[in-house]
Every structure is written in C-alpha cells, then in structure tokens.
Amino acid sequence: MKIKKPRILTGDTPSGRLHLGHYVGTLENRVKLQSQYDTFILLANVHAYANDYTKIDQINDNVYQVYLDNLAVGIDPNISTIYLESGIPETLELYSYFLTMVTHTRAVRNPSVKDEIKYKKFDPSMGFICYPILQAADILGFNASLVPVGEDQLPVIEQTREIARDFNKVFADTFVIPKAMVGRVPRLIGTDGQNKMSKSGHNAILLSDDEVTLKQKINSCYTDPSRIHATDPGHVDGNPIFEYHYAFNPDKAEVDDLAKRYKQGQVGDREVKDKLFIALNNFLTPIRDKRKYYEQRPKLAKEILVESTKKARKVVTKTLKIVRQKMAINKLI
C-alpha cells in the first residue's frame, strides 16, 4: 500500500483524565510530530469497555475528557485526525481476523497484559486479555509506520509487529511493520514515590488540575523519607519533586542549584516545592486555557470529533478491502 506521507497512529484508553506522565511519555511527541506525519489519534473507547463494560456513563465522560486533554496540549484538528474507535466498525472486523492468528498462550503472556492485571488485581475479561490484538488492528488499519507510546506499551507494539509480519508472510506484503517511539521520560514516577504516575493510582498530577489542586498535590508529594531536617543531606534520585523539576522546569540552572543544595542539606523541601509549583503552573496555564476554549464550545468540539472519525473510517475501510481480497474472505459470494 502506497502512503504519500509517513503515518502515526497513537491514542489513549479513556480510563480517566490525562496527567504529566502522559505528556512526557507520548503527548509531547504527538504535538511535535503532527506536522511531519499524517497523524491519527485514537480515543479507544472499545478498549475501555474491556476494563468494566457496565460503567457506560463514566466511559463516555472519560472519552470526552481525554479528547479535551489532547486538544488542550496542542493537537491541531486542522492537521491531526482525532477519532472515536467505536466509530470505525471495520477495525473490529480486522481485529476478528487477527484473533485467529494469535494463540491463547501468546495472548496471556504479553508482559503489558500481565503487569496490568497484577497492578489492578482483578479477574480480566477476554477483551482485556486480547486488548493488544485490538490495538494491533487499530494500528495496522492505518498502516502506521510510527507509534508514540509509553514505555509500558512496548510489548504491545512488538505483538503488533508480529501480527503484521505473520500476515505479510502468508498473504504477501500488506502491512507496514510499525516502530514504537517512547517519550523523553519513559516512566514518570507518581506523587507517592512508589509507582509510576497512573490515572487509577491516585498519584497523578492531571493536565487539567487547577492552581489550588496543583498546590495541594505538590505540597503533599513524597520526597525523601530519610531526610528529617532541612539540614540533612537528601536524595535526588527517585525523588518525585526533582523528577518533575527535571522534566518540566525550563530553568535548568535553578534545578541544578536546588539539587546541589538538597544533597548538601542546604535547602528545605518547602523551597523546592514552591519553585516546582511555579514551574508546573506556568507549564499548565496555557493547557488549561486551551481546554477552557473547547469546554466553552461543545458544539465545535463535537463537530471536530464527528468529521475526524468519518475521515479516519475511510482510511481503515480501504485497508480492510485489501485484507479481504488477500484472504479471499468473500470469494464464494
């Protein structure tokens, strides 16, 4: 299949509003690359049902909030296509063909699936176990060459590559073999200092947090438990406050100075946190403003999503037509 411009497929499972970890993990790359690539951004609401299919209202609200988060960070609907997964039934047909190619053993040993089950401590649905296969259909339906993802999704992209290679081997070259792209901070630690920042882990600073909430989260953030007094030497590595400074404070000289003094016991947590608040608030202010713009124009936001989904569906429909022909799926009719 000939593609005039290299293509990106990326997206989010709408299980909650997006946070700082999402930004450095993948959102930042989406914004940077959207003018260089034919960019498609997935709102994976079908994936969300695999977590709990009974929470319909919550899923739909999460979809809208994640949609606004993408627009707020700088996704330009004039050059990027942000669409709703359920609006492309052709993806589900492609998914059904891929299910026949992946063994049960391969599905259950995917590290991303195993880690997520262990983290959430629940009995997964078959849809959850097979979500990497649906994700492969999402990606290959667009013949995307690049997939910006978080570090935890790398095994999913590898499984997508396997499916593409297996299909090409049997039915001749059909799919581009996609490559994953991880952000500049592959795994941002949560405010609890124990786990990665997570939508479901109650340890995240959201992109939509207001100033008061941001201040509260920074003030209550884990630092260095071995440091009792400000005059005690502190640890910077693994300290969420400094991880956030390194990731979001543009004043590198200030960060280096704070880190040096922190290690020597010459600065207290209060000063480090106050300066982090300034840096993060400056970072989040334009994001909040852009989000507010679309929140106040729900009709415009809906029109963008509807038209973008129609555009995305046309692409997948063309891919599916070729797949059907190669598989001779309708030969008898």
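Just after helix α6, K121 has a positive phi of about 55 degrees. Helices here are DSSP runs of H or I with at least four residues, numbered from the N terminus. This is a predicted model, in which local features need pLDDT of at least 70, side-chain atom pairs count only at pLDDT 80 or more, and totals for chains, interfaces and linings use all residues. Residues are numbered from 1 along each chain as its sequence is written, and side-chain values use heavy atoms, with hydrogens and water left out.

At the N-terminal end of α6, residues 111–120, the cap is N110. A side-chain oxygen of N110 lies 2.9 Å from the backbone nitrogen of S112.

Next, helix α1, residues 20–33, which contains H22. Is H22 buried or exposed? H22 counts as buried because its relative accessibility is 16%; buried means under 20% relative accessible area, with a 1.4 Å probe and protein chains only. A polar atom of the H22 side chain lies 3.0 Å from the backbone nitrogen of H19.

Now the rings. There are twelve aromatic pairs in the structure, meaning Phe, Tyr or Trp rings (for Trp the six-membered one) with centres within 6.5 Å. One of them is Y23 with F248, tilted, at 6.4 Å centre to centre and 45 degrees between the planes. Tilted covers what is left when under 30 degrees is stacked and over 60 is edge-to-face. This pair joins α1 to α11, residues 240–248, across 225 residues. Both Y23 and F248 are buried.

Finally, F98, F167, F171 and F175 make up one aromatic cluster.

Technical notes: Polar contact = N/O pair within 3.5 Å; in protein donor to acceptor, adjacent residues only side chain to side chain. Helix = DSSP H or I, 4+ residues; strand = E, 2+ residues; numbered from the N terminus. Buried < 20%, exposed > 50% of the residue type's maximum accessible area, 1.4 Å probe, protein only.
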